[in-house]
Amino acid sequence: MKIALILPALAISFGLQAAEQVTSPDGRLVVDFDLGRGGIPTYSATFAGEQIIKPSHMGFVLADSTKLDRNFSIVNIARGSEDETWTPVWGENATIRNHYNSLTVDLAQPRHGIKMNIEFRVFDDGMAFRYVFPKQTREYLVIDAEKSQFAMGSDDTAWWQPGDYDTQEREYIKSKISEIPAHANDDFMPNASTTILPSSVQTALMLKTPSGKYLNIHEAALIDFPAMHLSFDAPALTFTSALTPGIDGHMATIKTPFSTPWRVVMAGDKSTDILATNIIYNLNDPCAIEDTSWIHPTKFMGIWWKMITGGASWSYTDAENFDLATFDYSKAKPNGRHLANNEEVRRYIDFAADNGMDQLLVEGWNIGWEDWFGKEKDYVFDFTTPYPDFDIKALNDYAHSKGIKLMMHHETSGAIGNYERHMDAAYELMNQYGYDAVKSGYVGNILPKGSYHYDQRAVRHYLDAVKRAADHHIMVDAHEAVRPTGWARTYPNLMANEAALGQEYQTMSVRHCTILPFTRLLGGPMDFTPGIFEMDLSKTAPGNTTKKQATIANQLGLYLTMYSPLQMAADTPENYFKRMDAFQFIKDVPLDWSKSKYIDAEPGEFIIVARKDKNSENWYAGGVNADVARPVDLALDFLEPGVKYEAVIYADGKKADAIDNPHDYKITRRKVTAKDTIKLRMARGGGFAIQFVKLSI
Ligand code: NOJ
Ligand code: CA
């Protein structure tokens, strides 16, 4: 960072409380900092002349009651700016610009011997601040509360979820800030234990001001710190950071020098500005992995959908009163429903290898699945011992002989200490057999009992698992871990997370997928698992009465609207065999892009995006739609001018409807140029996907 000007600011510490201002490079976002009466750190922000954040206080309270939200004086002020362009290993764009002005205010509370600096970065599309504790006499600080306020400038519309220390597997609710209820219902929480926090919401919190500006509050670089929720005072329209407590009852113990995660307010004139921002990645450190050649976008299938829908099981037996330590699998009676068996896995390998997949995920391959769910046992899985009907060597060899890999699965059942003890052996086993990607999971309460998925200890664990995986050249897709905050810039082997309600609960509303890119996806890719082609789940798993609310074209559109370098084709070979013409799009769609252009969107309504393949001259465009069928006039001006493309259009059929007629789709081809417009109709819960193949003239 270039430091443009440093002021010793002695005059300020002698009682003159100066207001400091820092603006975005384009001057439209303005942040003011002031040490108010009583030495209270206070900031506010305006965007395009509109006050988006009113004067808001900052700071902490320590466990010994030291208040780090008042009685400060300014010791120093530094200004700087940055304008760099970096190259992500994978992503929505080949390069990313990181452009901001900064202000760092060094504060001191001489009476308590405390030094605390506040660093602001102001970008054209958002502002962020963090607290920096330099090395000081008190080496450890125990934090009991963070007091960062976000006093909103108006009663904005919010897309929110109730605060929860353990999960974000819920749908989003839309309301005015003033109407967010103190006690939200927990009517949909399928996967983990839940700890709803009254009067609070989670980040990323999507907002729209009455004048039509779009904002989003989130955090970046959540490292060695608990995740932040936002408690709210609805009448005052004010949010305050609320950290996730640790098992010792304190929020965090930090060792100086220490920088907290960034508190971020994104701002845009258009909804698409929020979809296109890279501010969360920009606030994370550059790539820490020197040789990234082993990290590659990965398209995969799994035996999983049949299991999650209830048509088969993870476990090998139906044994009861199970004790893994003494259980003898060689004598056990198989339940006949165990899908990770040699024969089935070979059949899936054949389909995946013949149809353009890179990997096949096999869950339920290792012993212990008889006795894990909700059991809160510290030791269930060792992540290295296969079931008797899963020949780990032969199956990996078979997959490799067909040009694909198997993907590993580590369900930890929340026993993070157990996972840490077994992790190196588990990764070494992967290296031995040629696995290079793992889907991990944290279903159930984090152990020891009283811990939370989002507490400081668990957050440390998730990043540690990613770093240790990098040492073994392993890519990670972690489910039920903390929501992403841009770690993938620093550790691009973190390919995806779940951390939201995914396809596995697809009775969800047709709105959900039009909100996720405005919330969950801002911190990093999601393993949503698109590509379900049979919406009547009884056809996949007899007895399952669910009808998924999505059309086929919607499922294809998701490969474009939900960016991830790790994408699943989630349905079964049988269901794909019925519609191989539509499956062609899943085979063709790239996972890595040189350019992305969000064309139009509204949270809860629809999203349309166009992207250019990183490895060819082809473009793709896709859309997903919520409750109301809508016409789309897709102007093709994103295409290279003067060039002809063949457009392969996968659209909703005339009668398509996510609920009444989900399997109606139509594939058409036509020659187009940048001057053309393609007219389409997205059904309720529908969408579209188009491939534009550049033609040599
Ligand atoms: C929950 C995950 O989200 C799901 O994908 C996985 O199959 C199960 N846990 C079992 O680990
Ligand atoms: Ca899950």
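Predicted model: local features only at pLDDT ≥ 70, side-chain atom pairs only at ≥ 80, totals over all residues.
The side chains of Asp536 and Lys539 form a salt bridge with an N to O distance of 3.6 Å; a salt bridge is a side-chain nitrogen of Lys or Arg within 4 Å of a carboxyl oxygen of Asp or Glu.

Residues are numbered from 1 along each chain as its sequence is written, chains are lettered from A and ligands numbered from 1 in the order in which they are written, and side-chain values use heavy atoms, with hydrogens and water left out.

## Salt bridges

The whole structure holds 44 salt bridges. Three of them are set out below.

| Pair | N to O distance |
|---|---|
| Asp224 and Arg460 | 2.4 Å |
| Glu84 and Arg489 | 3.5 Å |
| Asp536 and Lys539 | 3.6 Å |

In the salt bridge between Glu84 and Arg489, Glu84 belongs to strand β8 (residues 73–86) and Arg489 to helix α9 (residues 487–490), so the pair ties together parts that are 405 residues apart in sequence. Helices (H or I, at least four residues) and strands (E, at least two) are DSSP runs, numbered from the N terminus. Glu84 is partly exposed at 26% relative accessibility, and Arg489 is buried at 7%.

For the salt bridge of Asp224 with Arg460, Asp224 sits in the loop between β19 (214–220) and β20 (228–233) and Arg460 in helix α8 (residues 456–471), so this pair ties together parts that are 236 residues apart in sequence. Asp224 is partly exposed, with 27% relative accessibility, and Arg460 is partly exposed as well, with 38%.

## Two helices

How many of the ten residues of helix α11 (residues 552–561) are buried? Ten of the ten are, so α11 is largely enclosed by the rest of the structure. Among them are Ile552, Asn554, Tyr559 and Thr561.

Helix α6 (residues 392–401) has Ile392, Leu395, Asn396 and Ala399 among its buried residues. These four cover an arc of only 100° around the axis, which puts them on the same side of α6; the arc is that of the directions from the helix axis to the C-beta atoms. An α-helix has 3.6 residues a turn, so residues three or four places apart point the same way. The cover over the buried residues of α6 includes α5 (342–354), β27 (405–411) and α7 (416–433). After α6 comes Gly403, whose phi is positive, near 85°.

## Nonpolar cores

A nonpolar core is a set of buried Ala, Val, Leu, Ile, Met, Phe, Trp, Tyr and Cys residues joined through side-chain atoms within 4.5 Å. The largest one has 199 residues, and those touching the most other members are Phe120, Met127, Phe150, Met152, Phe239 and Phe390. Residues up to four places away in sequence aside, the residues that Phe390 touches include Ala340, Trp365, Leu395 and Tyr435; contact means heavy atoms within 4.5 Å. A second, separate core of 23 residues includes Leu636, Ile649, Val672 and Leu680.

## Ligand 1

Which residues are closest to ligand 1? Of the 13 residues that surround ligand 1, the closest are Trp304, Glu363, Glu411, Lys439 and His479; a residue is counted if one of its heavy atoms lies within 4 Å of the ligand. For Glu480, a side-chain N or O atom is 3.0 Å from an oxygen atom of ligand 1.

## Two buried loop residues

Trp294 is located in the loop between α3 (279–282) and β25 (298–302), and is buried, with a relative accessible area of 10%. Beyond its neighbours within four places in sequence, Trp294 contacts Ile289, Ala470, His473, Ile474, Met475 and Asn493.

Thr317 lies in the loop between α4 (304–308) and α5. Thr317 is buried at 3% relative accessibility. Its contacts, leaving aside neighbours within four places in sequence, include Phe327, Tyr329, Lys333 and Glu370.

Terms used:
Buried < 20%, exposed > 50% of the residue type's maximum accessible area, 1.4 Å probe, protein only. Polar contact = N/O pair within 3.5 Å; in protein donor to acceptor, adjacent residues only side chain to side chain.
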